[in-house]
Structure formats: C-alpha cells, structure tokens
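Here are some short notes to read beside the model. Please keep the structure open while going through the points.

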Amino acid sequence: MRLANLLDEDLVKHNLSAANKREAMSELLGLVQRKYPQYDYSVILKSILDREDIENTSYGRGIAFPHARTDAVDEMYVAVGISHNGLSDKTPDGQPLRMVCLMLTPSNIAKLYLQTLSAFAAFARHPENIDRAAKAGSSGAVIDAIWESGVTVEKELTAKDLMRHDIVTVTPNDTLKRVANLMFRKRLSALAVVDEDNHLLGQITDKELIQAALPDFQTLISNLHTATDVEPFEELLRREDKIMVSQLYTTNHVVVGCDTKIVEVAAMMLFKDLRRIFVIEDGKLLGIILRKDIVNTIIRG
C-alpha cells in the first residue's frame, strides 16, 4: 500500500499559517477536530506535547513527525501540513522545517503506526520529495507529490526502516586519538571500521580503547595491591598518535540485510547480548541498529 493512500485531503493543508512547530501541531489538530469532533482534544494535545518533551520530533531534512499513541482516539489519523516559508524552530541539520506530519494512534494499533512512521522517514530521505510537496498549490497536490514518491507502507517492519544512516566510521589506518575524539564528540561507544570502498571490516569499541591501556588487565586484577611503575592511561596518551585502528579493532560484529525483520534483529540482540547490529548490502555498510533504537522507536513509540 502506498503512503499516499493513508492520507485524507481534509487532513492536509498546503499553506500552514503557523510560525513554529507548536502552532503547526495545533493547526493540524484543528483539521482533525473539525472532521472528528467526538474526541477530547485537550487530552490529545497533552499527549502530543508530552511526547515532544521526551524527544524533539524534528529529525532534520525539513520534516517533523509529532505523534502520540493515546486511547483518546479509536483509530489512526494522519494530518500533513506544508509551510512555504519554513517554521522558525531550530532543526538538527539547520534546514528550515517545511513539512509537519502529525500522527494520532490508539494504543492498540502499533504495527501500522510504526510502518507509517517509517514510510514518512523514507519519504524524507530524498530531498526532492520534500521540495515537490512544498511547491504544491493545494492539499490534493500535496497528496499527489507523496504518491509520486512511490513510498509504500510495508507489511513488516524491517532493518531498513529502523537503521541509522548517519554512521560514524573509521579506517584501519586511523589512529587511536581520532577514534577517541570521535567517540567523545559523537557520544558513541563504538565505531564501524570500513575500507576505502565502505566494506565493513569490523568495529572498535570503548572496550578496545581501555584494553589498549591495560593489555595485562588479568594480571593486574590478581595483583591489585601491587603498585605499577607507570600509570597505564598516561602511557596510552603518549602513544595515542602511534596506535592504529588496525591493531585494535575486532571482527566479532553481527550483520543483517536490509530486509531482515526487526523482530529477528531484536531476538538476535537478546540471544547474543548485542548492543548494535550492522546493516550491509553486498558487504558494504548501509546502516546500524542500536538496541536503544528498538526501545525508543518501538517500545516507547
């Protein structure tokens, strides 16, 4: 089923008057309220704002997905608004917010909600889709633009729906210093190691960095009362420009394909006690799925 099939022209506005996302959410909620007045919209608005307090739903590329799972509604509603001038809110990538997709879903509908959210994310990954929708001169034209994108709502949630595309990578020739700096700046505990053609070779984690400082940690554990002549971390800092990723990275990573079902990915993470799984195609790195992504996106919603 195409994403456009889920849209109702009465719930699409091609020329939002809102100046910011909060106003845009209220404006779109007003469209839903006019068509379906039977609900308590003060409760619905609170659910939307509570979700925004947990995490800003402006994800970059000019689009935002405010949403709420609430029993104040008894079926899923999707409202879409276009801002021709761009909303005033700050965005992760600095691109003006031009498209707001509001989703209201009852708690007992999880699968369709996740699949629809994933479809909008797929739509947003191609800038020309947002451009086409932003130029639409009517609500029907917005839906036409979404139809022309060819984006579908899949029957099953797969790895490509949940994976992160902005992967931070290093090569075997990078230094430990570069790895440590990237981990610190990006707040990451692991980096993918790739070759010059983006083929996945392995991963380097914070564990390997600590082991580089304490190569004889087992001996140290059994002799904690014995003082060492050299502070190991101080020694590591002296050599951080000379230690290469090729000396540290491991190849005990786990990979899946784009079409692997998320339920299989989650089961694999539990069975093998994994914090991350890499998504590849023809050996090349396409994305990464973190254990917390499954919690944040699927369980928390």
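1. This is a predicted model. Start with helix α1 (residues 21-35) and helix α2 (residues 41-54): their axes cross at roughly 145° and come within 11 Å. The crossing of α1 past α2 is right-handed.

2. Next, look at the residues behind that crossing. From α1 the contact takes in K21, R22, M25, S26, L29, V32 and Q33, and from α2 it takes in Y41, I44, L45, I48, L49 and E52. Sorted by class, the contact of α1 with α2 has 8 nonpolar, 2 polar and 3 charged residues.

3. A second pair is helix α7 (residues 176-186) with helix α8 (residues 206-213). Their axes lie 11 Å apart, at an angle of about 135°. Because of this angle, α7 counts as oblique to α8. The crossing of α7 past α8 is left-handed.

4. In this second pair, L176, V179, A180 and M183 of α7 touch D206, L209 and A212 of α8. The contact of α7 with α8 comprises 6 nonpolar residues and 1 charged residue, with no polar ones.

5. Is T260 buried or exposed? Its relative accessibility is 15%, and buried means under 20%, so T260 counts as buried.

6. What does T260 touch? Apart from neighbours within four places in sequence, T260 contacts T158, A159 and V265.

Note on methods:
Residues are numbered from 1 along each chain as its sequence is written. This is a predicted model: local features need pLDDT of at least 70, side-chain atom pairs count only at pLDDT 80 or more; totals for chains, interfaces and linings use all residues. Side-chain values use heavy atoms; hydrogens and water are left out. Buried means under 20% relative accessible area, exposed over 50%, partly exposed in between (1.4 Å probe, protein chains only). Contact means heavy atoms within 4.5 Å. Axes are lines fitted to C-alpha atoms, for helices over the stretch in contact, and angles run from 0 to 180 degrees between N-to-C directions. Helices (H or I, at least four residues) and strands (E, at least two) are DSSP runs, numbered from the N terminus. Angles under 35 degrees count as roughly parallel, over 145 as roughly antiparallel, 65 to 115 as roughly perpendicular and the rest as oblique. A crossing is left-handed if the near helix is turned anticlockwise from the far one by less than a right angle, and right-handed if clockwise. Ala, Val, Leu, Ile, Met, Phe, Trp, Tyr, Cys and Pro count as nonpolar, Asp, Glu, Lys and Arg as charged, and the others, Gly among them, as polar.
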